[in-house]
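Biologist: I would like to learn how to read domains, cores and backbone angles from a model. Could we work through one case together?

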Amino acid sequence: MTTSSVVQETVATTVDHQGSGPGSTEPGKTATPAKGDKPARRRKTNFGMFLWVSPFLVLAFLFSYFPLYGWIYSLYDYKPALGLSGSEFVGFQWFRLLVSSPAQVEQIGKVLTNTFAISFLGIATSVLPLIFAVFLNEVRVKWFRNMVQTLTTLPNFISWVLVYMIAFSLFSSTGLVNDVLMDAGLITTPMKFLDSDQHVWLTMTAWSIWKGLGWGAIIYLAAIAGVDPSLYESAKMDGAGRFQTMWYVTIPQLMPTYLVLLLLSVANLLNNGMEQYFVFQNAFNKEHIQVLDLYVYNIGLTGNSMSMATAIGMLKSLISVVLLFTVNAIAKRVRGQSLV
Amino acid sequence: MTTETISPAAESSSAAVEPVKPNKKRKQDRTAGDYAFHTWNYAIFVVLALLCVYPFYYLIINSVSANDVSALGEVRLVPVGFHLANFEQVFQLNGLTSAAAVSVARTVLGTAATVFASAFLGFMFSQRQMWGRQFWYRFLVVTMYFSAGLIPMFIIMKNLGLTNNFWVYVLPFVVQPFFIVLVKTYVEGMPRELQEAAEVDGAGIARIFLTIYLPNMTPILATIAIFAAVSQWNSFQDTLIYITDQSLYTLQYLLYMFINQANSLAQAAANAGGNLGALADAASTQTPTSIRMTVSVLVVLPIIFIYPLFQRFFVKGIMLGAVKG
């Protein structure tokens, strides 16, 4: 819940920066300090207002901070039936196992390979929404443009379960695609699209693109709308053709947005989420679909290695926070503006 | 926190994404190359749009076609043997009515709670005189950047008595920092004179919030409401992790089970048919396919119905992407 919102949240910032005009470099730090907390205007602090807010702070504490206490389960051999006090304290055993037990190392290696492969495919295809937006912007018929935008954004709003249902009804061995191919005489036995360990990374990336392409393009369409029209005027005066205008005017204007999103996806390298991979997971593709988030679920809640799962999840969270700060520092240095 | 002020004015003007026209050429300027480009460009977008929308269409036409035909996978372009009986019959399935009720309840309650909390907290944190405002605001905002992880979360939920409890669908989503940040920046863009006038008149803080700010925040609250509602309706993972009690299953979870359990589904189908007795003929007897298709349509219809509402909020919505949660 929290880590994925990081991305989203900062995407927000980008949109707004773009909205406020191209090349706007002012740091958007209006959040708290800008509006005068000047001593002259300071009134008496009001404790009653804090009391109004406090029940919500308790909720935030319970669901965000308090679970951190659960990290100590990684130091025990936790058995739910025995409770924490009945479970054996094992120190850093799980962390040591992660790097010393050959079976465990191999398993983690596979999971990390899947995680990185899918993340990198996601990063590699992250340019598609940009291209989509640049070309959609060339469409002059307004209703057509709106219609395309409406229809391609729809998949973003359905759950992964429903995406899986669609995948199932189209690509299972009795699904539409196999039926059509068989009717056309192109194949004689149904092709295994879902129950297969072939091209799992690619198909998962393809489904992500199907779901997110139109939605991802909106941010760029918004950015294009904010490009200074005089840039296009002068490009035209200089005799730039359509593709030259795209390449030398539009795309450079979109680069800041793109780079921010790119950096954030680097920060989220380990966070693929589990929902998509969980619903598509089956006995055939398990080897290649198991990303870190899914692995934690699989061993922790179905395999009952809760402590090991906690240890892995904990490392993942820590590395993610470090990545986020690193990426943020890079962004600060390069753009003079922080991401988060 | 990097957050730019979203003023009420900007809010209303940023409703739609309006691409600029890069180079306005008059018709006679169009070259053959232009025609070729546009033909391809339109063709590709038509294909992309169809790829996105056909699967939904496929689900819908199958759910209203004769069940013996849909089971053979022969409904591809138009409904065959149109009937709507499926939508009555699926509700005879074990657990479907309760799952629908749970889904609706969590969406309504969860959205209401999120919207109210976001509005209230966003407003309160814009009040400079609040005790410890900066600290507590950061206390909330920071929670966006870390997470304890799945298992600690599960254990804590269990200790709090929230596993197999309806409130696990609502309580964790009440306080969503990003929505709060959004409301706060929105409120800071509103003129303070109104509040000052009300204070002079002796209105308390609750009254100022309810009568002055709340009615004027509707654009931002509508945005939050829609994205919170979609996220609630689509939520699947929390049922998977925290719920084993069948009476608390959601529609999404039930659909997931229906996709994977062909055998028990056939059994359920037979039962549903049995309940209807003589009514059942081949075209209206439930099959695993008809059940899956019909439940999918039930799951997706609310989204499609409120979809026109989204459009106005698309740009804002990207910012609220926390929905994906």
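Biologist: Into which domains is chain B divided?

Modeller: This is a predicted model. Chain B is split into domain 1 (30–94 + 249–324) and domain 2 (96–246). Its secondary structure consists of 16 helices and zero strands.

Biologist: How many residues of each domain of chain B are in contact with the other domain?

Modeller: On the domain 1 side there are 20 residues, in contact with 23 residues of domain 2. Helices H13 (251–260), H15 (288–311) and H16 (314–319) of chain B each supply at least two residues of the domain 1 side. H13(B) gives the most to that side, with five residues.

Biologist: How do the residues on that side of domain 1 of chain B divide into nonpolar, polar and charged?

Modeller: They comprise 16 nonpolar, three polar and one charged.

Biologist: What share of chain B counts as buried?

Modeller: A residue is buried if 20 or more other C-beta atoms lie within 10 Å of its own. Of the 325 residues of chain B, 47% count as buried. For contacts in chain B between residues at least 6 apart in sequence, 77% join residues at least 24 apart.

Biologist: Which residues touch the most other members of the largest nonpolar core?

Modeller: That core has 139 residues, and those touching the most other members are Ala133(A), Val161(A), Tyr164(A), Tyr220(A), Val183(B), Leu254(B) and Leu255(B). Helix H10 (residues 200–225) of chain A gives the most to this core, with 12 residues.

Biologist: Why does this core lie between the two domains of chain B?

Modeller: Domain 1 and domain 2 of chain B both give residues to the core, so it lies between them.

Biologist: Which residues does Tyr164(A) touch, not counting those up to four places away in sequence?

Modeller: Tyr164(A) touches Val279(A), Phe280(A) and Ile259(B). There is also a second, separate core of nine residues, including Leu261(A) and Leu339(A).

Biologist: Turning to the backbone, what is phi of His199(A)?

Modeller: Phi of His199(A) is near 55 degrees, a positive value in a residue other than glycine. This residue sits in the loop between helix H9 (176–183) and H10 of chain A. His199(A) is partly exposed, with 13 other C-beta atoms within 10 Å.

Biologist: Where is Asn164(B), which has a positive phi although it is not a glycine?

Modeller: Asn164(B), with a phi of about 55 degrees, is in the loop between helix H7 (150–159) and helix H8 (177–188) of chain B. Asn164(B) is partly exposed, and 14 other C-beta atoms lie within 10 Å.

Key: Residues numbered from 1 in each chain as written. Chains lettered and ligands numbered in written order. Predicted model: local features only at pLDDT ≥ 70, side-chain atom pairs only at ≥ 80, totals over all residues. Core = buried A, V, L, I, M, F, W, Y, C linked by C-beta atoms within 7 Å. Buried ≥ 20, exposed ≤ 12 C-beta atoms within 10 Å, placed from the backbone. Helix = DSSP H or I, 4+ residues; strand = E, 2+ residues; numbered from the N terminus. Domains from an automatic or database assignment. Contact = placed C-beta atoms within 7 Å. Nonpolar A, V, L, I, M, F, W, Y, C, P; charged D, E, K, R; others polar.
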